[in-house]
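Biologist: I am new to this structure and would like to learn how to read its features one at a time. Could you take me through them slowly, giving the general idea wherever there is one and then the case at hand?

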There are 2 protein chains.
Amino acid sequence: KKPQFAFVSFVSSLIAKQSKHDMRRVIHSIKVGIALVLVSLLYLLDPLYKQFGDDNAMWAIMTVVVIFEFSAGATLGKGLNRGIGTVLGGGLGCLTAILGDEVGGTGNATVVGISVFVFGAAATYTRMVPSIKRRYDYGAMIFILTFNLVAVSGLRADKVIELAQQRLSTIGMGFTVCIFTNLLICPMWASDELHHSTASKFQKLASSIQGSMEEYFRVVNEKEKQPGANFADCKSVIHSKSSDESLANFARWEPWHGKFGFSYPWDKYLQIGDVLRDLAATIISLKECLQSPRQPSSNPRQSIKEPCEAVGSLLAWILGELGESIIKMEKCRPKSLMASKLQSMRAELSLLASPSKLGAPENGEGLAMASFVFLLMEIVEKVEVLAKEVEELGELADFQTR
Amino acid sequence: KKPQFAFVSFVSSLIAKQSKHDMRRVIHSIKVGIALVLVSLLYLLDPLYKQFGDDNAMWAIMTVVVIFEFSAGATLGKGLNRGIGTVLGGGLGCLTAILGDEVGGTGNATVVGISVFVFGAAATYTRMVPSIKRRYDYGAMIFILTFNLVAVSGLRADKVIELAQQRLSTIGMGFTVCIFTNLLICPMWASDELHHSTASKFQKLASSIQGSMEEYFRVVNEKEKQPGANFADCKSVIHSKSSDESLANFARWEPWHGKFGFSYPWDKYLQIGDVLRDLAATIISLKECLQSPRQPSSNPRQSIKEPCEAVGSLLAWILGELGESIIKMEKCRPKSLMASKLQSMRAELSLLASPSKLGAPENGEGLAMASFVFLLMEIVEKVEVLAKEVEELGELADFQTR
């Protein structure tokens, strides 16, 4: 009865997860709707803003539509990018327009044309430099856009400044509406999400390891091929690199958020993510190894059952502790305890490597079992690396001691 | 002398690759510059367009800045998204404005406010549905933007239509300038890039396999720890999922491009990419296995040297053939030949599994060697899967028979 129950709870947790995910989407949609209504009503109702004209109303609406992102960090980042890009591009465009005006005649078009080409090409090139692309891509685009608009408009300097004031104030208004709706109504912090997703990866890998142990040592007649849902877990960890990186990027724009202070070590999260991905790859190898047709039937396996299962549950326990230490922001158990457990694990596995245990089964089977034990040893080593990384994180981020 | 030479050629190929990569960036920047100058000059020089006013000039420039992407497919996709989003949003916004006008008074603001909320929230929700996000994210954003601008502007229907004509014509002009510069000056096709990057992954994995064989069986005194440059190759393959997916997305917008006809099976490329990533993960396990401190010193290894090396170079040869078959778009060697080779490989590896070969070394060492052989067998199996996938691709895409 137990597996059925486990399956039901698995499905219900999946639905809960799905609906939680969906709930956040619905909330985000409603927030966008509110922000749009706010910025629209400002123009629909207040005669003051009617003076600015449709042209400027447009910029406030455009700012809201373009800047409003799912997480607070992404919204802040885009908003600041937009502000800086507008100011820089407007200033340079203004200078170009003045220069063109001084030259006058067809020279004007030449000056403007050349500067449009040079600044456009240069800014586009910078956009493709990885480190700039990561954080300032949008700002560079807005720079190109504003520069071009201002340079081509060919307005006099005094009128440009007036227009710039109006436009910046409308953009500022749009930005304010965005930030308020985004941060005051159920804010979604990228930093929180990175924090939780990193911790949940530990849980995923822990349950994967335990799942493979169970699958490997299950008695044959019970074995009704539950094809690995945990496999998907490991794969999702492996392919999390790009989403982790963008979350870390957004998180850097959220410096004043709750429990994460200024200069919180997000880079360490990326490093931990890399180690977790390595570990997930090894766990997948382990799973493939145990699904191999060359694996012996269940009897020879029982000879290595106890120590392997002990190691598996110890690994799962350690991973769970590490994940919990991150989620609670508490330093994990003193290194010595962890280290001694890991060492005793290694010793147990080394015992398994003796020919007396593995020599018995036939050719291919021994190979498969040896591989299983070897991969387990690799996993132990990676968990050791992981424990070290989490300890470093605890020091960098000033986790509490418990 | 040979390894030195190989290293030199490796570095020079790296520089060539880097500069080729950089060259493409420079070309792209220049193309953007040209497009910007073209669209600006149109307004600077031609009095006809001066009539439209700055307001409309803006839309052409904005279109160029926002739409111009690196690859042809991305540019086409964004341009079409922008066009469709503008038309749909403008039409619906116009209807809303008319409805609001009929209601009149404060009812106007209510009608506009409610519809802005409903359409804004609904479109934002659709933007987060994965399948729509992948291809129509930008279009949905433009829809929200245009809808809001038109609905809020509160213009009369006849004036809206006039404005819409002007604005669509300027957007169309910007789009035309984009497409011409993007497709006529050194076009960069996402389809080409996906095609070549997929084929090059085969080469990378082939050289990784051969590299690990060499490293494993190198005689000890030669072993001066060249830390694996190939490791990075495998990792780059593993982390290529998101870039592959976006390339495939863009490639679907390039239906009439050269050798790839309509409905070219880009999905198959993604499937092949998945198998390649699996294979890369196993190769990384193999490399980790051979770098393990538990590996025996070089003498016991020599006992399995010949068959393993034979298998390694055969695998590399097969991977090379498969990659070449993709790059040349020719069907690969008759399945029978490939299959028989793979079978003979398996037989060879099974021989290795006999205790007479592996039983000799001490505990941990035997385990490590067994693991090495086992992983090699796994790799053979994955290459078989890969060969099948490439054969299917050849049939789906009508590769030529050679």
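Predicted model: local features only at pLDDT ≥ 70, side-chain atom pairs only at ≥ 80, totals over all residues.

Biologist: At roughly what angle do the axes of H5(A) and H6(A) cross?

Modeller: They cross at roughly 170° and come within 9 Å. Because angles over 145 degrees count as roughly antiparallel, H5(A) and H6(A) are therefore roughly antiparallel to each other. On the H5(A) side the contact includes Val112(A), Phe119(A), Ala123(A) and Arg127(A), and on the H6(A) side it includes Ile132(A), Asp137(A), Phe143(A) and Phe147(A). Sorted by class, this contact has 12 nonpolar, five polar and three charged residues.

Biologist: How does H5(A) pack with helix H4 of chain A?

Modeller: H4(A), residues 72–103, and H5(A), residues 105–127, pack at an angle of about 155°, and their axes are 7 Å apart. That angle makes H4(A) roughly antiparallel to H5(A), and the crossing of the two is right-handed. Among the residues that meet are Leu92(A), Thr96(A) and Leu99(A) in H4(A), and Gly107(A), Val111(A) and Phe119(A) in H5(A). The residues of this contact divide into six nonpolar, six polar and one charged.

Biologist: Is the crossing of H8(A) and H10(A) left-handed or right-handed?

Modeller: H8(A) passes H10(A) in a left-handed crossing. The axes of H8(A), residues 190–217, and H10(A), residues 241–252, cross at roughly 140° and come within 8 Å. From H8(A) the contact includes Ala190(A), Glu193(A), Leu194(A) and Lys201(A), while H10(A) brings residues including Asp244(A), Leu247(A) and Phe250(A). The residues in the contact of H8(A) with H10(A) are six nonpolar, two polar and three charged.

Biologist: Where does Pro255(A) lie, and which residues is Pro255(A) in contact with once its neighbours within four places in sequence are left aside?

Modeller: Pro255(A) is in the loop between H10 and helix H11 of chain A, the latter being residues 266–291. With those neighbours set aside, Pro255(A) is in contact with Phe260(A), Gly261(A) and Phe262(A). Pro255(A) and Val32(A), for their part, are 223 residues apart in sequence, and their C-alpha atoms are 23 Å apart in space.

Biologist: How should I read the interface of chain A and chain B, and how many salt bridges are found across it?

Modeller: The size of an interface is often given as the accessible area lost when the parts come together. Between chain A and chain B the buried area is about 6,400 Å², and carbon and sulfur atoms give 70% of that area. In residues, 74 of chain A are in contact with 74 of chain B. Two salt bridges are found across this interface. Lys235(A) forms a salt bridge with Asp278(B), their closest N and O atoms being 2.9 Å apart.

Note on methods: Residues numbered from 1 in each chain as written. Chains lettered and ligands numbered in written order. Heavy atoms only, no water. Axes fitted to C-alpha atoms, helices over the stretch in contact; angles between N-to-C directions. Helix = DSSP H or I, 4+ residues; strand = E, 2+ residues; numbered from the N terminus. Parallel < 35°, antiparallel > 145°, perpendicular 65-115°, else oblique. Left-handed = near helix turned anticlockwise from the far one by under 90°. Contact = heavy atoms within 4.5 Å. Nonpolar A, V, L, I, M, F, W, Y, C, P; charged D, E, K, R; others polar. Buried area = accessible area lost by both parts, 1.4 Å probe. Salt bridge = Lys/Arg side-chain N within 4 Å of Asp/Glu carboxyl O.
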